[in-house]
Amino acid sequence: MRPRRVLVTGVSRPLGAEVAAALAADPEIVDVVGVDTIAPTADLGRTQFVRVDIRNPLIAKVISTAAIDTVLHLSVLATPLGAGGRTAMKEINVIGTMQLLAACQKTPGVKKLVVKSTTSIYGSSPRDPALFTEEMEPRGLPGGGYAKDAVEVEGYVRGFGRRRPDIAVTVLRLANVLGPRVDSPLARYLDLPLVPTVLGFDPRIQLLHSDDAMAVLLKATRETHAGTFNVAGDGVLLLSQAIRRAGRPALPVPFPAIGSLGNIARRLRLVDFSSEQLGFLAHGRAVDTTKLKEVFGYVPQYTTVATFDSFVQDRGLRFTIDHELVSRVEHGLQGALARRRLLGAS
């Protein structure tokens, strides 16, 4: 089903604004309605902005009055600071989603729902598989923050799908997004002049370029692809590799102290890293994207490495260090140490 009238939530944030503007530029789409509690500063094209809180039942009137047939739900916040505190963040994410789903359920004209979720729902633990597929359960449910909200949101979305089987429901689990104009906890973390790491851990990280995130959201809106899909660039980076590529010095911190360091960073508004995100810095996470490529029909243009290098260039972080030289020196030192141990053993 080609969408005719689309509702986009969260249009005051960069991704929501870009998606709304791109849909508004599509001549086959009659109307685009963007909703948020704050007026967007970006140009949304011919998108009609409506100031409404999705936690308010008034959202149902907006959907019915505009004769919306496709809903794109992007208003799931990742950071408490951006929401005005953890309580407000949870209300927007969970209560807001419940109200939005209730509005869609009682509106016969709605035929498609696209929800932006996150790979954070898989958690991060030393018992994780090499790659999470969409069918796998996390080894341990997230204890709080954005990841826990996302788990609850997806649970309500599954229930909605059972109640309205006539609506095509697409859930997109996005990996950490980096790119121009992206202001995320991971981006701010890698921007720090001295990057704290967990002593003794070197996690794998998987990234998604903002261009690919945009393309996947638009494809899910314009076409019909019911189901749940992991969305990430191919390959992984070790955190140590990412820090070196950014030309940043690392500060190894014992695991018990990393939480305190995160609290200090939040109070100073340097970076808003929650407890589950700190766990990610120890254990990392990677997902399988076979279903995205073979069923959804999209191959990301940027690999994880290409995404990170693009981010480094956009931020102007880099090229203060010759990374190839660093790697050669590291390998040389490792070889020298190995030879020394052999000589000592003999």
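Mentor: A crossing of helices is left-handed if the near helix is turned anticlockwise from the far one by less than a right angle, and right-handed if it is turned clockwise. The model here is predicted, so local features need pLDDT of at least 70 and side-chain atom pairs pLDDT 80 or more, while totals for chains, interfaces and linings use all residues. Residues are numbered from 1 along each chain as its sequence is written, and side-chain values use heavy atoms, leaving out hydrogens and water.

Trainee: Which hand does the crossing of helix 1 and helix 7 have?

Mentor: Helix 1 and helix 7 cross in the right-handed sense. Helices (H or I, at least four residues) and strands (E, at least two) are DSSP runs numbered from the N terminus. Helix 1 covers residues 14-24 and helix 7 covers residues 210-222.

Trainee: At what angle do helix 1 and helix 7 pack, and how far apart are their axes?

Mentor: Axes are lines fitted to C-alpha atoms, for helices over the stretch in contact, and angles run from 0 to 180 degrees between N-to-C directions. For helix 1 and helix 7 the angle is about 50°, with the axes 10 Å apart. The two helices are therefore oblique to each other; under 35 degrees counts as roughly parallel, over 145 as roughly antiparallel, 65 to 115 as roughly perpendicular, and the rest as oblique.

Trainee: Which residues meet between helix 1 and helix 7?

Mentor: Contact means heavy atoms within 4.5 Å. From helix 1, Leu15, Glu18, Val19, Ala22 and Leu23 meet Met214, Leu217, Leu218, Thr221 and Arg222 of helix 7. By class, this contact holds seven nonpolar, one polar and two charged residues. Ala, Val, Leu, Ile, Met, Phe, Trp, Tyr, Cys and Pro count as nonpolar, Asp, Glu, Lys and Arg as charged, and the others, Gly among them, as polar.

Trainee: How do helix 2 and helix 4 cross?

Mentor: The axes of helix 2 (residues 58-65) and helix 4 (residues 86-105) come within 9 Å and cross at roughly 40°. Helix 2 and helix 4 are therefore oblique to each other, and their crossing is right-handed. Ile59, Ala60 and Ile63 of helix 2 meet Gln99, Leu100, Ala103 and Cys104 of helix 4. That contact has six nonpolar residues, one polar and no charged ones.

Trainee: Is glutamine 206 buried or exposed?

Mentor: Buried means under 20% relative accessible area, exposed over 50%, and partly exposed in between (1.4 Å probe, protein chains only). With a relative accessible area of 6%, glutamine 206 is therefore buried. Glutamine 206 sits in the loop between strand 9 (204-205) and strand 10 (207-209). The side chain of glutamine 206 reaches the backbone nitrogen of valine 287 at 2.7 Å.

Trainee: Where is serine 120, and what does serine 120 touch?

Mentor: Serine 120 is in the loop between strand 5 (112-118) and helix 5 (145-163). Not counting residues up to four places away in sequence, serine 120 touches Pro142, Ala147 and Arg285. Its relative accessible area is 15%, so serine 120 is buried.

Trainee: How far is methionine 1 from arginine 222?

Mentor: Methionine 1 and arginine 222 are 221 residues apart in sequence and 7.8 Å apart in space, C-alpha to C-alpha. Methionine 1 lies in the segment before strand 1 (5-9). Not counting residues up to four places away in sequence, methionine 1 touches several residues, including Asp69, Arg222 and Thr224. At 44% relative accessible area, methionine 1 is partly exposed.

Trainee: What phi does alanine 67 have?

Mentor: Alanine 67 has a positive phi of about 55°, although this residue is not a glycine. Alanine 67 lies in the loop between helix 2 and strand 4 (70-73). Its relative accessible area is 46%, so alanine 67 is partly exposed.

Methods. Polar contact = N/O pair within 3.5 Å; in protein donor to acceptor, adjacent residues only side chain to side chain.
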